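This report covers the salt bridges of one structure. Please keep the coordinates open while reading.

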Amino acid sequence: MTINTSAQRSETFTWIDPAVALEQLPRLSGLDYFSGLRDGSIAPPPIASLMNFDLVDARYGHVEFQCRPGGAHNNPLGMVHGGLACTLLDTVLGCAAHSTLEAGIGYTSIDLAVKYLRPITLHRGALRAEGSVVKAGSRVIFTEGRLSTADGELLATATSTLLIFPHQPGALTT
């Protein structure tokens, strides 16, 4: 079988080296970090460029992101790959937890459970994901999230548990 290259598409994206933001991270609370993302003093992580994520809102215990999926995010069935939805939900759940943390404190996911409720196709347009802290603690944070269309149609939900630990300078850089 020969692939028809006349249908070939390409996409280019750019990002700022994440090491620049990582230098600031240990000195910033979660809310200060998100404030820097909003005002442009902190560059977004590369995943935001790759997946077309934009921070919409961040306050203590709650964040919202928007995502504009494109053709490069489709699976072989012509739908947006579930991995994009999962990554977007994982992002808002982690960021919701991060929004509650003081400077010098880090986190990592312990688990992530996603429930896909409807197929996600490009005709649905921009997606909106929100994550909220259900219970914050000094060692573990529990979060929940929702992924919807811009007009509020629910597409997927998720929950996550995150481990809290002291940030270790240099441990996050490669």
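## Overview

The structure holds four salt bridges. The model is predicted. Three of its residues, Arg118, Arg124 and Glu153, are linked in a network of salt bridges.

## The Asp57 pair

Asp57 and Arg59 form a salt bridge. Their closest N and O atoms are 2.2 Å apart.

Arg59 counts as partly exposed, because its relative accessibility is 42%. Asp57 is partly exposed as well. Its relative accessible area is 23%.

Glu153 forms a salt bridge with Arg118. The closest N and O atoms of this pair are 3.1 Å apart. Glu153 lies in the loop between strand 5 (140-149) and strand 6 (154-166), while Arg118 lies in the loop between strand 3 (105-116) and strand 4 (127-135). The pair therefore ties together parts that are 35 residues apart in sequence.

Arg124 also forms a salt bridge with Glu153. Here the closest N and O atoms are 2.5 Å apart. Arg124 lies in the loop between strand 3 and strand 4, and Glu153 in the loop between strand 5 and strand 6, so this pair ties together parts 29 residues apart in sequence.

Arg118 counts as partly exposed at 37% relative accessibility. Arg124, at 22% relative accessibility, counts as partly exposed.

Terms used:
Residues are numbered from 1 along each chain as its sequence is written. This is a predicted model: local features need pLDDT of at least 70, side-chain atom pairs count only at pLDDT 80 or more; totals for chains, interfaces and linings use all residues. Side-chain values use heavy atoms; hydrogens and water are left out. A salt bridge is a side-chain nitrogen of Lys or Arg within 4 Å of a carboxyl oxygen of Asp or Glu. Buried means under 20% relative accessible area, exposed over 50%, partly exposed in between (1.4 Å probe, protein chains only). Helices (H or I, at least four residues) and strands (E, at least two) are DSSP runs, numbered from the N terminus.
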